Amino acid sequence: MVATRQCSIRQCLEIDLFKARQFGGNHTTAIATNCRSGYEQYDITSPFLNPNCTEDEISLIIDGLSNSKAIDTYGISNSFVKLHKKSLVKNLAFLINDSIKTSNFPDCLKVGIVSPIHKNGSKTDVSNYRPITILPVFSKIFEYVLKRRLEDHLEANKIISAHQ
C-alpha cells in the first residue's frame with residue numbers, strides 16, 4: 001500500500017513563504033505536522049545519506065548563499081531566504097529529511113529558468129551563446145546538503161583517488 005501526502009512539499013514551502021512574506025516572523029508551528037509523508041514505515045535511506053539534516057546545517061548553508069537578488073522561478077531570491085532564515089530553517093530541515101528518507105526529490109524543485117548568454121562573436125550566430133539556468137533557491141540548499149553527505153561518504157570510504 002502506498003501512502004499519500006497530506007500536503008506536498010511545494011505546498012508546505014508556499015504556506016511557509018506566504019507567512020514569512022505576510023508576517024515577517026517565525027510562523028512555522030503547524031507546517032511540519034501538516035506535511036507528514038506517510039512513508040515512515042519504509043526505510044529507503046541510502047547508506048551514505050544521513051536523513052538527519054539539522055536546522056543548524058540549513059542555517060549555515062543559507063548563510064553561505066550569495067547575496068544575489070536574482071529571482072528564481074517562484075520569485076524568490078537568495079536575499080529573501082537569508083532575510084527570513086529563522087522562519088524557514090525548521091521546515092526546510094523537515095522537508096529535506098523527508099525527501100531523503102523517501103528518496104523523492106520534489107518536482108517543484110526540478111524547474112529552472114534557462115537564459116542564453118552571449119559569449120563573443122556575432123549575436124546572430126546561435127553557437128556564440130551559452131545557456132545558464134537559474135534554479136530554485138530551495139533546490140540549491142537541498143543540493144548543498146546532498147553534496148556534503150556525498151563528499152563525506154566518498155572521503156570516509158576512500159572511494160575517490162588522490163589523483164582526481
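## Helix α3 and its cover

The buried residues of α3 (55-64) are covered by elements that include α4, α5 and α6. This is a predicted model, in which local features need pLDDT of at least 70, side-chain atom pairs count only at pLDDT 80 or more, and totals for chains, interfaces and linings use all residues. Residues are numbered from 1 along each chain as its sequence is written, and side-chain values use heavy atoms, with hydrogens and water left out.

In α3, the buried residues are E57, I58, S59, I61 and I62. Buried means under 20% relative accessible area, exposed over 50%, and partly exposed in between (1.4 Å probe, protein chains only). Helices (H or I, at least four residues) and strands (E, at least two) are DSSP runs, numbered from the N terminus.

## Packing of α3 against α6

The axes of α3 and α6 lie 10 Å apart, at an angle of about 115°. Axes are lines fitted to C-alpha atoms, for helices over the stretch in contact, and angles run from 0 to 180 degrees between N-to-C directions. The two helices, α3 and α6, are therefore roughly perpendicular; that term covers 65 to 115 degrees, with under 35 roughly parallel, over 145 roughly antiparallel and the rest oblique.

From α3, E57, I58, I61 and I62 meet I141, Y144, V145, R148 and R149 of α6. By class, this contact of α3 with α6 has six nonpolar, no polar and three charged residues. Ala, Val, Leu, Ile, Met, Phe, Trp, Tyr, Cys and Pro count as nonpolar, Asp, Glu, Lys and Arg as charged, and the others, Gly among them, as polar. Contact means heavy atoms within 4.5 Å.

## Packing of α3 against α5

α3 and α5 pack with their axes 8 Å apart, at about 120°, which makes α3 oblique to α5. On the α3 side the contact uses E55, I58, S59, I62 and D63; on the α5 side it uses K85, V89, K90, L92, A93 and I96.

## The nonpolar core

The largest nonpolar core has 21 residues, and I58, V81, I96, F138 and I141 have the most contacts inside it. Such a core is a set of buried Ala, Val, Leu, Ile, Met, Phe, Trp, Tyr and Cys residues joined through side-chain atoms within 4.5 Å. Helix α5 gives the most to this core, with six residues.

Leaving aside neighbours within four places in sequence, I141 is in contact with I58, I61, I62, L65, V81, L92 and I96.

## P131 in strand β2

P131 lies in strand β2 (residues 129-134) and counts as exposed, at 62% relative accessibility. Residues up to four places away in sequence aside, P131 touches V114, S115 and P116.
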